[in-house]
Amino acid sequence: MTTAYAEVYDPDGTRHGIPTWPWRWAPDGLATRRQLRAMGLRPGGQEPAAQVMRLRRRTREPLVAYLYHVSLALPVRPMTPAKWAAIDVALKARRTCPQCRQVCDYVIPRSLGCCNQCHAG
């Protein structure tokens with residue numbers, strides 16, 4: 001085990017407070033939020049059971065990903081028609097120009113604050 005792995009290898013949790021493994025060394029039965037989501041699951045209120053760390057070259061702050069028990073994870077809540085409607089309204093608001101009130105085919109750039117036609121004059 002290299003020195004970089006030795007700094008973040010703490011399966012007992014004595015150094016970091018919770019069990020810690022190097023990046024990609026996590027045991028089976030634990031998954032990150034993204035991995036749970038890919039399986040159609042969510043943490044469901046459980047606290048992180050462990051973490052994986054990767055040291056960075058330029059900064060001293062390591063990258064950390066929290067791990068959750070797959071067996072305690074709950075299914076993802078399905079999208080309801082009301083949620084779909086709220087998302088549609090929010091996306092339409094991002095495409096509506098505040099100056100000319102026209103709905104564009106693209107999201108209005110925040111750097112411009114208006115559609116391309118209004119910005120061009």
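Q: How does D10 count, buried or exposed?
A: D10 counts as buried, since its relative accessibility is 4%. Buried means under 20% relative accessible area, exposed over 50%, and partly exposed in between (1.4 Å probe, protein chains only). The model is predicted, so residue numbers run from 1 along each chain as its sequence is written, local features need pLDDT of at least 70, side-chain atom pairs count only at pLDDT 80 or more, and totals for chains, interfaces and linings use all residues. Side-chain values use heavy atoms, with hydrogens and water left out.

Q: Where is D10 found?
A: Helices (H or I, at least four residues) and strands (E, at least two) are DSSP runs, numbered from the N terminus. D10 is found in the loop that runs between α1 (3-8) and β1 (20-22). The residue is therefore a loop position that counts as buried, at 4% relative accessibility.

Q: Which residues is D10 in contact with, leaving aside its neighbours within four places in sequence?
A: Contact means heavy atoms within 4.5 Å. With those neighbours left aside, D10 is in contact with R15, H16, I18, P19 and T20.

Q: What does the side chain of D10 reach?
A: A polar contact is a pair of N or O atoms within 3.5 Å; within protein, one must be able to donate a hydrogen and the other to accept it, and sequence-adjacent residues count only if both are side-chain atoms. The D10 side chain reaches the backbone nitrogen of T14, and the distance is 3.2 Å.

Q: Where does Q51 lie, and what does its side chain make a polar contact with?
A: Q51 lies in strand β4, which covers residues 50-54. Its side chain makes a polar contact with the side chain of T20, at 3.0 Å. T20 is also among the residues in contact with D10.

Q: Is Q51 buried or exposed, and which residues does Q51 touch?
A: Q51 is buried, because its relative accessible area is 5%. Not counting residues up to four places away in sequence, Q51 touches H16, I18, P19, T20, W21, V64, A65, Y66 and L67.

Q: Where does T32 lie, and is T32 buried or exposed?
A: T32 lies in the loop between β2 and α2 (33-38). With a relative accessible area of 17%, T32 is buried.

Q: What is the phi of R24?
A: Most residues other than glycine have a negative phi. R24 is not a glycine, yet its phi is positive, at about 70°. The residue lies in the loop between β1 and β2 (30-31). At 78% relative accessibility, R24 counts as exposed.

Q: What is the phi of R101, and where is R101 found?
A: R101 is a residue other than glycine with a positive phi, near 60°. R101 is found in the loop between α3 and α4 (116-120). R101 is exposed, with 59% relative accessible area.

Q: How many helices and strands does the protein chain come to, and in what pattern?
A: The secondary structure comes to 4 helices and 6 strands. Along the sequence the pattern reads α-β-β-α-β-β-β-β-α-α. The radius of gyration (over C-alpha atoms) is 22 Å, well over the 14 Å that the globule rule gives for 121 residues, so the chain is more spread out than a compact globule. That rule is 2.2 Å times the number of residues to the power 0.38.

Q: What box do the C-alpha atoms fill?
A: Taken along the principal axes, the C-alpha atoms fill a box of roughly 60 × 40 × 20 Å. Of the 121 residues, 22% count as buried. Among contacts between residues at least 6 apart in sequence, 44% join residues at least 24 apart.
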